[in-house]
Amino acid sequence: MDIKTNKIVRLTLSYAVIAFMFVIILYPILWVFGASITPGSSMGSFSLLPEKTTWGHYAHIFNMEESNYLLWYWNTLKVCLITMAASVLVVSLMAYAFSRYRFWGRKNGLVIFLILQMIPNFAALIAIFVLARVTGLVDTHLGLILIYVGGAIPMNTWLMKGYLDSIPRELDESARMDGAGHLRIFWQIIMPLAKPMVAVVSVFTFIIPFTDFILAKVLLRTPEQYTLAVGLYQLIARDFGSEYTTFAAGSILIAIPIAILFLSFQKYFVSGLTAGGTKG
């Protein structure tokens, strides 16, 4: 087999694998969308391409007199945005401290973070619920936000620290010679260069609360406080009158803010680490 033929074969196999993965990813989305425009509410009537279609399920979830969907959406966005902002701030400060400073307990602290990131939040559900109950944070968004922020610290601190370690320390030293303090170096020099990792942490910490069900289900007790995951679950958890098609319509709309956030930060995922960071 000559070089040209070998190249064609490899390229064909690559496109075949990509097409196969695309079908695997796209099929469930198309199936859920087909369910969302299928008349009725029965699971047995679902099909990828329904013969009769209706947009009534979308109209139903946007009708505030008939559904709490918009309230659940707002609750979810509020929790996700505050979690994202708080997580980025806390993680960035901690990663900067671990990356730039040498202090007692630094190595052990990093090892503890490494161990903690292997333990998911739901593994400590009982302890989390008891702590929330003692502090009066049950059925509050604040309690949920604090748990999400705390859970985001270990893994994301490691990611951010590794990124900050790659930024030349000469930039810090040069700034100190010009009279800059620690906070000024952090905000005006380090953080602009760390935009790609800040974007990654932002997306991670936004998506997790948006899609989490277990923690939200344990802490939130009233429909007015529900997030989307818990609220949509109630649509199919009823003994009678489960609304599977309405659930599908609500599920499709969940992807909109995640897609907007990803597209907004996409340019930072591939940007250079320290492009333009050194003096000429």
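Tutor: Start with residue classes: Ala, Val, Leu, Ile, Met, Phe, Trp, Tyr, Cys and Pro count as nonpolar, Asp, Glu, Lys and Arg as charged, and the others, Gly among them, as polar. This is a predicted model, where local features need pLDDT of at least 70 and side-chain atom pairs pLDDT 80 or more, while totals for chains, interfaces and linings use all residues. Residues are numbered from 1 along each chain, and side-chain values use heavy atoms, without hydrogens and water.

Student: How many nonpolar, polar and charged residues are in the lining of the second largest pocket?

Tutor: Lining residues have an atom within 4 Å of a pocket point. Among the 12 in this lining, Ile128, Leu131, Gly143, Leu146 and Ile147 are the closest to the pocket centre. By class, the count is seven nonpolar, five polar and no charged.

Student: Which element gives the most to that lining?

Tutor: Helices are DSSP runs of H or I with at least four residues, numbered from the N terminus. Two of them, helix 5 (125-134) and helix 6, each give two or more residues. The most, five residues, come from helix 6.

Student: How is helix 6 oriented to helix 9?

Tutor: Helix 6 (residues 141-165) and helix 9 (residues 195-211) pack at about 160°, with axes 10 Å apart. Angles over 145 degrees count as roughly antiparallel. Therefore helix 6 is, relative to helix 9, roughly antiparallel.

Student: What classes do the residues of that contact divide into?

Tutor: Contact means heavy atoms within 4.5 Å. Helix 6 brings residues including Tyr148 and Met155, and helix 9 brings others, among them Val201 and Phe204. They divide into 12 nonpolar, two polar and no charged.

How values were computed. Axes fitted to C-alpha atoms, helices over the stretch in contact; angles between N-to-C directions. Parallel < 35°, antiparallel > 145°, perpendicular 65-115°, else oblique. 1 Å grid on protein atoms, 1.4 Å probe; cavity = no way out; pocket = protein on both sides within 12 Å on 5 of 7 lines; lining within 4 Å.
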